[in-house]
Amino acid sequence: MITIHRLPPISSPFDRQALIPGWDQERVARARVLIAGIGALGNACAADLALTGVQRFVLVDFDTIDTTNLSRTILFRRGDEGRSKVQLAAQRLGELVLDNDPHIVPLETDVVWNLGWGVYRRVDLVFGCVDSAEARAAVGAPAWAFGVPAIFGGIYGYDGGVMMQGALDGPCVACSFSRQEWADTQRRYSCDQVRRQLAEEAKIPTTQVSSAFTAALMVQENLQILHGERTHLGTRLFFAGRWPTLERFAVRRSPRCPFHQEIREVIELPDLSYRLVAGEVVERLTRLLGTGITIALGRDFLLTSRCKGCGEELPLWRPRQRVFEQDLVCDACTLVRRPPVVDPQIQTLRALSTQTDTRVLDLSFDELGTPPLHVLQVQSSQGTHWIELTGDLPHVLPGWPGNLPTR
Ligand SMILES: [Zn+2]
Ligand SMILES: [Zn+2]
């Protein structure tokens, strides 16, 4: 005999989770989440978040979909190969969001160099789903600076790890880096600290099960944080998947870690943009803060180098992240394959002032390697100021909701 249980009419897809004591659906729906990296972990986190009712996402990745991704990416399928990860993820995630007000911003860019720090100030949580230590450090630093909680995931084989980076005065993700991870931060760079032509990609052995489990732990931690539980910040979870066990460790803040720059107050200037030439910005900030200011670029701008073959001076005139190994050898030496014997003695610029070469001041911040909506560190006689290129906001995060997060 079959018994039919009659269920009351369903009013919301979230009715079951709303039964959990203390659950606050409003808070989940309001959360603004940045997901850095839309590979295996990013896909699984995004899907879990959407199904729990998160609807505001910034997705960041510069990569395209590869066949090998398809076994671990719920948002991608056969036929998607070669398409942009973030664009497609944004579209498919929009279909998963169950509320009627999804706001998903895909940013197809390199999270290490091209994501302005103003983006981090406008989210409530950061998911670090990136697969290199360099990217983890690059995501961790601004989140830490603004006191935005960040959750990092890593997978290897059947195992997974999750690190909850605390708000200010706690450890950052890099505090727990092993020697190997520190070495990994250099993987994309040569001995001269310019980009390797073909940096070897990390090929991590793993399955969908490990990424799904690790992502579920990340999202679970996120739900705790959203509900006001912050005791897990500054800890690390280790999940051994073969005979499942789960352990939590406290992460110690490392006094030698270079990523603890705290930013408490940001001056938003809607008339500044990364498209402006540097000289114009120096002038405007001089009017605002007085004479004698210096603007730190936060990245190196390379002026010249010596050819590593013949020693002739070569103009570079590009930020370090856009200079490759072969740019340090002249055409003639490349042609005859002259062995590199010369120290390139790269001339580097790290800050701008009224004294800077006018040819540099005629370049835009974009050309200097500064991303849109970035937050610039400016020194004046009164001290340090953090100035945002707020004019880029409408095109980086169009229509982005809500006020800035409170600490
Ligand atoms: Zn640290
Ligand atoms: Zn040469």
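Which residues does valine 119 touch, not counting residues up to four places away in sequence? Valine 119 touches Leu34, Val58, Leu373, Val396 and Leu397, where a contact means that the C-beta atoms of two residues, placed from the backbone, lie within 7 Å.

## Before we start

This is a predicted model, in which local features need pLDDT of at least 70 and side-chain atom pairs count only at pLDDT 80 or more, while totals for chains, interfaces and linings use all residues. Residues are numbered from 1 along each chain as its sequence is written, and chains are lettered from A and ligands numbered from 1 in the order in which they are written.

Helices (H or I, at least four residues) and strands (E, at least two) are DSSP runs, numbered from the N terminus.

With 27 C-beta neighbours inside 10 Å, valine 119 counts as buried; the term asks for 20 or more other C-beta atoms within 10 Å of a residue's own, whereas 12 or fewer makes a residue exposed and anything in between partly exposed, with C-beta atoms placed from the backbone. Valine 119 and leucine 393 are 274 residues apart in sequence, yet their C-alpha atoms are 8.6 Å apart in space.

Valine 126 belongs to strand β4, residues 125–128. This valine 126 is also buried, with 26 other C-beta atoms within 10 Å. Leaving aside neighbours within four places in sequence, valine 126 is in contact with Leu34, Ala36, Tyr120, Val139, Ala143, Val148 and Ala150. Between the C-alpha atoms of valine 126 and asparagine 222 there are 9.2 Å, with 96 residues separating the two along the chain.

## Helix α3

Helix α3 covers residues 40–52, and its 13 residues should span 18 Å at 1.5 Å a residue; the expected span is 1.5 Å times one less than the number of residues. The end C-alpha atoms of α3 are 19 Å apart, which agrees. Twelve of the 13 residues are buried, so α3 is largely enclosed by the rest of the structure. The buried residues are Ala40, Leu41, Gly42, Asn43, Ala44, Cys45, Ala46, Ala47, Asp48, Leu49, Ala50 and Thr52. After α3 comes glycine 53, with a positive phi near 110°.

## How α3 packs against α8

Two packed helices are described by the angle between their axes and the distance between the axes. Here α3 and α8 (residues 208–226) pack at an angle of about 45°, with their axes 8 Å apart. Axes are lines fitted to C-alpha atoms, for helices over the stretch in contact, and angles run from 0 to 180 degrees between N-to-C directions. The pair α3 and α8 is therefore oblique, given that angles under 35 degrees count as roughly parallel, over 145 as roughly antiparallel, 65 to 115 as roughly perpendicular and the rest as oblique.

From α3, Ala40, Leu41, Ala44, Cys45, Asp48, Leu49 and Thr52 meet Ser211, Ala212, Thr214, Ala215, Ala216, Met218, Val219 and Leu223 in α8. By class, the contact of α3 with α8 has eleven nonpolar, three polar and one charged residues; Ala, Val, Leu, Ile, Met, Phe, Trp, Tyr, Cys and Pro count as nonpolar, Asp, Glu, Lys and Arg as charged, and the others, Gly among them, as polar.

Helix α4 (residues 85–96) has twelve residues and reaches 16 Å from its first C-alpha to its last, close to the 16 Å expected at 1.5 Å a residue. Buried in α4 are Lys85, Val86, Leu88, Ala89, Ala90, Arg92 and Leu93, and their cover includes α3, β2 (56–60) and β3 (103–107).

The axes of α3 and α4 come within 9 Å and cross at roughly 30°. These two helices, α3 and α4, are therefore roughly parallel to each other. In α3, Asn43, Ala46, Ala47, Ala50 and Leu51 meet Ala89, Leu93 and Leu96 in α4. By class, that contact of α3 with α4 has seven nonpolar, one polar and no charged residues.

Most residues other than glycine have a negative phi, and most peptide bonds are trans. Leucine 373 has a positive phi near 60° and sits in the loop between α12 (365–368) and β13 (375–380). Leucine 373 is buried, with 25 other C-beta atoms within 10 Å. Glutamine 345, not a glycine, has a positive phi of about 40°. Its loop runs between α10 (331–336) and β12 (347–352), and glutamine 345 is exposed, with 11 other C-beta atoms within 10 Å.

Glycine 290 is found in the loop between α9 (278–289) and β10 (294–306). Glycine 290 is exposed, with 11 other C-beta atoms within 10 Å. Not counting residues up to four places away in sequence, glycine 290 touches Ser380 and Ser381.
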